[in-house]
Structures are given as C-alpha cells and as structure tokens.
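Please examine the sequence and the three-dimensional model shown below. The paragraphs that follow lead through selected parts of the fold, beginning with a single residue.

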Amino acid sequence: AMRLSSDPDPELRVKSYRVNMQAGDHSRGLNPVRGAGYYRSAADVAQSGKDRAVALLQLGRLSQNPDETRPLFEEALALYREVGDVEGEAVALHAIAGFLWWRGDTAGADMHGAKALDLLDELPVGTAKATVLTGGVSAFFLRGQAAEALGLAEKAAPVVAAAGTTEDQIRLLDSRGGALVELGESSGVEYLESAAEIALDRNMTGAATTALNNLATVVALMRSTGEALVHIDKGLRLAEERGLPIAANWSSFTKSEILMPMGRWDEALALTEQVLSRDAKAGGSQAGTGAAFVRAAVLFHRGREREARELFEPLLETAREIKDQQVLAPVLSFAVELAYDAGDGAAVLALSEEYDQATADAPAFRSYFVAAVAAALAGTGHHDFLKRLVGSTRPVGAVGEVQVALSRGVLEFSCGEMDKAVEQFSSAVASAEKAGRVLDGVLAQVGQARALLALGRDGEAQALLTSAHAKAESMGATKILGRIAGLESGEAAARG
C-alpha cells in the first residue's frame, strides 16, 4: 500500500487508500502511532473529498501533535459540508468539541457540541448518531450536569446497542458511571470498571488509558487511594509504552492528584513539575490546570504560601469556566481555605456560599471537599451557615465518609459538644486510614486532640498529637506542624 500510494494510476491509489485505511483500523488500538501513519498516507492518496475527510478525522483522533489536531478536524468538517454529508459533519463537530474541552476552551467545546447535537434529528440510526449521542452524554457529565447526562444516556443506549462502535460503548459506560457517582450512586464504579475491562480486552490503547484514568479518579474518592494507584499506574505504563504522550501526561496529573492526600508530596511535586513542563510545550490543557492546583495545595501546606497563591490565582476563574464539578468543587474549597488563612472573613463567606450553590446538585463532590469549608466557617463565626452546610451534606464514598465526619467534628466542637466532637473526629481518623488518606487522618487527629484537651484528657490528646506530628513531619506539612506545636504548648488555638 505504501508503494502504491506514490503511483499516479488513480485505480491503484484507490486501492492504496483502502488498504491504508484498513491497516490504520487494525493497528490503531495496539499501536496508535503506526495507525496514525497509515491514516496520514490514506489522506494523501484519497481520490474524493469524503474519503480524505474520513482519513483526516481518524488521523486527528490519533495525532500526538496538538497543533495539528484541530486543523485536521476543521478540514474534515469543511469537506463533509462540501459534499453534504450530515453524518460526517456531526461527527467532526463532536471531535472538535472534544479537543477544545481538552484544551480548556469550554465555551468553544459547548458551541461545537451543541451544533453536533442539533443535527441529531437529521441522522439515521447509525454509527454517527451513536458517536454524537455518547459525546453529548460525556459533555453533560463533564459540565457537572449528571442528571442531564443520565437522561441522554437512556436515549443513547438503544442507538449504541444497534449501531455503535466499541468506542461508543466504552464512552457510554464511562460517562454513565461517572454521572451516577456524581449523584452519589456507588454502582457507577461498576460501569467504569466495565469500560476499562472492555478497552483492555480489545487492546484499544487510547480508550483504555482514558477509562483507567477515570476509574482511578473515582476509585480514589469512593474506595481507597491504594486501589486507585494500581489503575492509574497501569494506564500510565500503557500510554508510555505505546507512544501516547498526551494520555501519559494526563495520567501523570491524575497520579499526582491521588498522591497528594496520601501525603506522598515529594512524588506529587515531581510529577506536577513534569506535567506542567510538558503541557506548556503542548500549548496548554486541562491536565496542566489540574497539576497546577495539586502543586499549589502541596506548597500551601508546606508553608510556601506566596508560591501557592501565585500558582492558584488564575485557577479559580478557569474552574468556573470549565464548570466541571471534579475541578470546581476542590478549587472552591481550597479558595475558602486560602481566604481563611489570609484572615479574609468576607471572602470566606462569599466563596463558601458559592461552594454551597455549586455543589447543591452534586452530592458526591459536595461531600468530598466540605471539611475545609466547614473549618473556615467555624473559624469565622458563621455558625448557622456551618450547621446548614454540614446538615445538608451526606457522605458519599470513602472520601465523603472522612470529610463529613471531619465537618461534623468541627460543628460539634463549635457547639461546645466536646464528647460528640471526639466521637466524630475519631470516626474520621478510622475512615481516613481505611481510605489511605494520610492528610485527612492527621487533620482529624489534631481536631480530636483539641476536643480532648478541652475535656481535660491531656494524656489521650498528647498521644494523638505525637502520632500526628510524626506523620506531618514526614510530609513536610509545616502549617499543620505549627498548629500541633501550639496545642502541645497549651495554647488555646481558636483557629482551625
């Protein structure tokens, strides 16, 4: 086929196109780089606009050069429109939307995604319709619109069953699972596991790395960080071995996100530095935004507040624009923590209200990051708001169990119910250990020790502080060490 591609005979070039496309289809899963090469050759010898558009679309999906990805998709879109192929047009719009979302241009992604969905009524039941529908499900989920995602998933399911590709099936499982988890349904993890299993079984490298990344993210929140590391390491290794640097960089960010609550901060910082460097060379993406947030959080806890604030400053508005609860909820929670640390009570209240509103329809993410907000509200005297926030937050998954118990401990302490505070903080310590979240466990130990000191149970408190000190020291958690020192020296420590 490669030899025939240089032959001027049109019939031979048609044969070359077909064989290159077949070679691309067969090799793209196991060897995406080689698959991209075949699709590029097919595009070069295509004898019709539609044939070239098909090849360009597949090439864009496999390209590891972000600078060429959108131009490839845009040319395919123009060619489909030129020949009046509505199915191809819809799929090309969907592809552009996905690329723009990766870049962090959610407005552009939403616009192109909406245009693709607008064409649904014109599409017959077929592969194009299945791809656009599953893309829509994914888009709703990633915008924090879980209920809408599940509604569209019901519409997509029979189309995918009748005419969808394996990639459509995986995308539907992935998005449906993520949406269920966002609404607090633990059964969603099973959908994500199925998506990863199918992708791995079919040797679909790109789909497998994405599915493993999403599974690792959810498992870290719903079950344990240790289990999550197994999944993300598998996905990272797969991406590196099969030449997918973009997927590898995203997986590296996800791994840093998992390592942060585990207290493995040196590793997390090394990964974020690597991700940010590679992301800058690629022109920027949401992986870089996420890595910057992880890095800022670690630096803050290590007492490097100025660096943390400089790194975090542009992220809040970006998170608001992205509208993804996985990004917005933790960023708002951290913004509240920074405001409290700076002594800005007005900002604490405003950001806490924003967190309350943003997570009202996302119970899982509300519970995952509520503790820092609760602590700041308690410290600034907003007791009624604190009581309402904690009362309206139900624990979802392993992280939810930890965070809600921490928040309830803060609430009971602020109410002067020290025995109840000890009970809640103790529960948080146990849950944090089970979930592999060292940072949360240390914070819970410090909270429990404060309550015990208030009860005059100094011996028990000192034992907890000794344990917390050792863990905080191993992480280099300077700010927590300062709080522990204050308690050990007998200071009242009204903050925190």
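L439 counts as buried, because its relative accessibility is 8%; buried means under 20% relative accessible area, exposed means over 50%, and partly exposed lies in between, with a 1.4 Å probe and protein chains only. This residue lies in helix α25. Here helices (H or I, at least four residues) and strands (E, at least two) are DSSP runs, numbered from the N terminus.

The model is predicted, and for that reason local features need pLDDT of at least 70 and side-chain atom pairs count only at pLDDT 80 or more, whereas totals for chains, interfaces and linings use all residues. Residues are numbered from 1 along each chain as its sequence is written, and side-chain values use heavy atoms, with hydrogens and water left out.

What does L439 touch, not counting residues up to four places away in sequence? The residues are M260, P261, W265, H301, M475 and I480, where contact means heavy atoms within 4.5 Å. With M260 the separation in sequence is 179 residues, while the C-alpha atoms of L439 and M260 are 8.1 Å apart in space.

Helix α25 also holds Q445. Is Q445 buried or exposed? Q445 is buried, as its relative accessible area is 5%. Residues up to four places away in sequence aside, Q445 touches V429, L464, S467, A468 and K471.

I480, one of the residues touched by L439, belongs to helix α27, which spans residues 478–488. The buried residues of this helix are I480, L481, I484, G486 and L487. Their cover includes α25 and α26. After α27 comes G490, whose phi is positive, near 90°. A positive phi is also found at N203, about 55°, although N203 is not a glycine. N203 sits in the loop between α10 (188–201) and α11 (205–222), and it counts as partly exposed, at 35% relative accessibility.

Another buried residue is S352, with a relative accessible area of 0%. S352 lies in helix α19 (residues 345–358). Its contacts, leaving aside neighbours within four places in sequence, are V336, V373, L377 and F385.

The next topic is the packing of two helices. Two packed helices are described by the angle between their axes and the distance between the axes. Helix α3 (residues 49–62) packs against helix α4 (residues 66–83) at an angle of about 155°, with the axes 8 Å apart. That makes α3 roughly antiparallel to α4. The axes are lines fitted to C-alpha atoms, for helices over the stretch in contact, and angles run from 0 to 180 degrees between N-to-C directions; angles under 35 degrees count as roughly parallel, over 145 as roughly antiparallel, 65 to 115 as roughly perpendicular and the rest as oblique. The crossing of α3 and α4 is left-handed, a term used if the near helix is turned anticlockwise from the far one by less than a right angle, with right-handed used if clockwise. Among the contact residues are V54, L56 and L57 of α3 and L72, F73 and L79 of α4. By class, the contact of α3 with α4 has eleven nonpolar, three polar and four charged residues. In this scheme Ala, Val, Leu, Ile, Met, Phe, Trp, Tyr, Cys and Pro are nonpolar, Asp, Glu, Lys and Arg are charged, and the others, Gly among them, are polar.

Charged side chains can now be considered in pairs. How many salt bridges does the structure hold? The structure holds 27 salt bridges, each being a side-chain nitrogen of Lys or Arg within 4 Å of a carboxyl oxygen of Asp or Glu. In one of them, the closest N and O atoms of R264 and E267 are 2.8 Å apart. R264 is partly exposed, with a relative accessible area of 32%, and E267 is partly exposed at 35%.

R320 and E317 form a salt bridge as well, at 3.3 Å from N to O. These two residues are separated by about one helical turn, because they are three residues apart in helix α17 (residues 315–322). R320 is partly exposed at 30%, and E317 is partly exposed at 43%.

D419 and R457 form a further salt bridge, in which the closest N and O atoms are 3.9 Å apart. This pair links distant parts of the chain, 38 residues apart: D419 is in helix α24 (residues 418–435), and R457 is in the loop between α25 (438–454) and α26 (458–475). D419 counts as exposed at 53% relative accessibility, whereas R457 is partly exposed at 32%. Finally, salt bridges that share partners join E305, R309, D341 and K479 into one network.
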